[in-house]
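Q: Here is a structure to go through. Let us ask what each label rests on.

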2 protein chains.
Amino acid sequence: MLKNPLFLDALQGKEVQRPPVWMMRQAGRFLPEFRALRDKYDFFTRCQTPELAAEITLMPVKRFPVDAAILFSDILVVPQAMGMPFQMKESVGPYLQNPVSSLEDIEKLQNTPVEESLGYVFKAIDITRELLNDEIPLIGFCGSPWTILCYAIEGKGSKTFDKAKSFCFKNPEWAHLLLQKITDYTLQYLLKKIEHGVNAVQIFDSWGGVLSPADYEEFSWKYSNQLVEALADKIPVIVFGKGCWFALETMSRSKASALGVDWTITPQKARELTGGNIALQGNFDPAKLLSTPDKIYTEVQQMIRDFGVQRYIANLGHGILPNVPVENAEAFVKAVVEFKR
Amino acid sequence: MLKNPLFLDALQGKEVQRPPVWMMRQAGRFLPEFRALRDKYDFFTRCQTPELAAEITLMPVKRFPVDAAILFSDILVVPQAMGMPFQMKESVGPYLQNPVSSLEDIEKLQNTPVEESLGYVFKAIDITRELLNDEIPLIGFCGSPWTILCYAIEGKGSKTFDKAKSFCFKNPEWAHLLLQKITDYTLQYLLKKIEHGVNAVQIFDSWGGVLSPADYEEFSWKYSNQLVEALADKIPVIVFGKGCWFALETMSRSKASALGVDWTITPQKARELTGGNIALQGNFDPAKLLSTPDKIYTEVQQMIRDFGVQRYIANLGHGILPNVPVENAEAFVKAVVEFKR
């Protein structure tokens, strides 16, 4: 029913004439219209006002011929709904007043029905779908249980998340209890998103790359894969594990429809590790969008040749940076849309 | 002439009964005696007073049966000597008042003879060697030219060094000029360290992992390898590229004696990528030293079995964390020293 089904075709392994394209954080600070809106409404107002979230989601769609929209939201709305309130601190980022530090903290987490705690997200999906008018698909997303645990325990961002990691290494039973609670709640959240009509979901494992392969298996993939298993029959699921090249082989044997990769792995190596039997998404270095439109255009087309046109979604290897000139982002999208086999 | 040649034996590929062991940042904040000294002397006093630097270098050697000492210093003494002064800011870390941002900035960098600008380091080596009394080898170190460029341009630490990267992507000629200047100065510095009797050198490429494989080749390895080529006939060189698993294969074909690896790669995979023909060093997750001595002991012995005893140096996958209990670090070293084939 979608007028442009390219993104879903690539996820389903159908033959395509060119790869679909979207950009992680495409509805973000690099857009002047986003910054204007940000000056008027704070972070929580933007996330929790469905009309605003929908308006922001559409911003990049109006500017660029992207093949998918991604709902404007934040991965931390899930822990927030579970009773871990956070603030957005200037130059610190997310900041939890009361990070999890004990079994008691984990046991007292709330299990409010998602319709109540996250109704504003589902409302935003309804409005966005109406505005999108079946032109392109809408992606819903969540953080991986591991990545949410990182923030829940560390209380804020970190380069290495050593506090979160040592919590898990010292108290593995507590860690697993917390991860399971996050997983269960996230699953309810994603199921409800699907009910409201998102066309695909992406799990962001932004901090999986701080773990060893064995610890990744135990503390991250085990739980992300529960989500994949529970959803794969209903909808295409994309798993993006930043820095998780070491788990690509394992993940490629799952029911996920696509795996996101970052730029620290070559397209050839990523294909090799995933055996060519799953779609890949990525992996342009976001910092390269700070070079020139010409250079971007050439390098993006080379990236497509390196990944191959089939079972491939052109994207960045991480979120777009706030200081990227709009014409550079445009060159990125254009290079994909104009790609000739 | 060394009473304990185990570390050098492993670097030279000689057969050993057990692997040698040391810990990155072993002369650091986790030691109560270091913290006591830190309360009396600031960062620069500690680095620039040869007697203090030597005293700190010996601290872990007195506590643990490590097989190598590493000179207490900082990778940023090199850019400092080239005319890029920095401060140590509380909770920020290194901070350069005037980061490099133009060709003019690069052209005006100084080329003072290292004897003048870094004499305090060579004096510290002399004193340390006297105190070590030929018991164990002394490692000298430097930052990789890429990692030094990251600080020179960014002006401080960063998760992603996007400013440094986009500088290189926008102005590759300037970047190469700067990298060559850093390389040349670093080479003078290392040659003088060797003259003063260090037994091995380690190049820390702490930020190589933010680059794509092709950019790593162009902006990092090309310059680290100049150092390797210039020094390998004189002394064993260890290259530690944090997050640089993708370059292990290339680096294993160089004249380096050993490659450091972090914990995001399994020992088996690291051996596979390096073809078994170079010593490897690493790769215990520093956050695991926050678990219990028993667990550490068991996991370290497993790590040795996974890497194999020959051509292997037991170490962490990154610097030891400040909050590691001394008895846990002790368990790490003990597990290696007591390892039975």
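A: Start with burial. A residue is buried if 20 or more other C-beta atoms lie within 10 Å of its own, and exposed if 12 or fewer do. By that rule, buried residues make up 54% of the 341 residues in chain A. Keep in mind that this is a predicted model.

Q: What makes B:T186 count as buried?
A: The cut-off is 20 or more other C-beta atoms within 10 Å. B:T186 has 27, so it is buried. The residue sits in helix α11 (residues 172-195) of chain B.

Q: Which residues does B:T186 touch, not counting residues up to four places away in sequence?
A: B:T186 touches B:V78, B:C142, B:P145 and B:L227. Take B:P145: it is 41 residues from B:T186 along the chain, yet their C-alpha atoms are separated by 7.9 Å.

Q: Why is helix α10 of chain B described as largely enclosed?
A: Count its buried residues. They are 7 of the 9 in α10 (residues 162-170), so the helix is largely enclosed by the rest of the structure. The buried ones are B:D162, B:A164, B:K165, B:S166, B:F167, B:C168 and B:F169. Their cover includes α9 (145-154), α11 and α12 (213-231) of chain B.

Q: Why does B:D134 count as partly exposed?
A: Partly exposed is the range between the exposed limit of 12 or fewer and the buried limit of 20 or more. B:D134 has 13 C-beta neighbours inside 10 Å, so it counts as partly exposed. B:D134 is placed in the loop between α8 (119-132) and β4 (138-143) of chain B. Phi is positive here too, near 60°, in a residue other than glycine.

Q: How do you know that the radius of gyration of chain A agrees with a compact globule?
A: Set the value against the rule. With 341 residues, a compact globule would have a radius of gyration near 20 Å; chain A has 19 Å, so the two agree. The C-alpha atoms fill a box of roughly 60 × 45 × 40 Å along the principal axes. Chain A has 16 helices and 9 strands. Of its contacts with a separation of 6 or more, 75% join residues 24 or more positions apart.

Q: How many residues does domain 1 of chain A bring into contact with domain 2 of chain A?
A: First the bounds. Domain 1 covers 1-17 + 243-341, and domain 2 covers 27-63 + 69-198 + 200-204 + 213-235. Their C-alpha centres lie 23 Å apart. Across the boundary, 22 residues of domain 1 are in contact with 16 residues of domain 2. On the domain 1 side, α1 (6-11), α13 (248-252) and α16 (326-337) each supply at least two residues. The largest share, 3 residues, comes from α1(A). By class, that side has 16 nonpolar, 4 polar and 2 charged residues.

Q: What makes the relation between chain A and chain B that of a two-fold axis?
A: A rotation of 180° with 0.0 Å of shift along its axis superposes chain A on chain B, with an RMSD of 0.0 Å. That is the relation of a two-fold axis. The same surface serves both copies: 100% of the contact residues of chain A recur in chain B. Of the residues of chain A, A:K159 comes closest to the axis, at 3.0 Å (C-alpha).

Q: Which helix gives the most to the side of chain A that touches chain B?
A: 21 residues of chain A are in contact with 21 residues of chain B. Helix α10 (residues 162-170) of chain A gives the most, with 5 residues. The side of chain A has 8 nonpolar, 7 polar and 6 charged residues.

Conventions:
Residues are numbered from 1 along each chain as its sequence is written. Chains are lettered from A and ligands numbered from 1 in the order in which they are written. This is a predicted model: local features need pLDDT of at least 70, side-chain atom pairs count only at pLDDT 80 or more; totals for chains, interfaces and linings use all residues. Helices (H or I, at least four residues) and strands (E, at least two) are DSSP runs, numbered from the N terminus. Two residues are in contact if their C-beta atoms, placed from the backbone, lie within 7 Å. Domain bounds come from an automatic or database domain assignment. Ala, Val, Leu, Ile, Met, Phe, Trp, Tyr, Cys and Pro count as nonpolar, Asp, Glu, Lys and Arg as charged, and the others, Gly among them, as polar. Copies are superposed by least squares on the C-alpha atoms of residues with pLDDT of at least 70 in both. The radius of gyration is taken over C-alpha atoms; the globule rule is 2.2 Å times the number of residues to the power 0.38.
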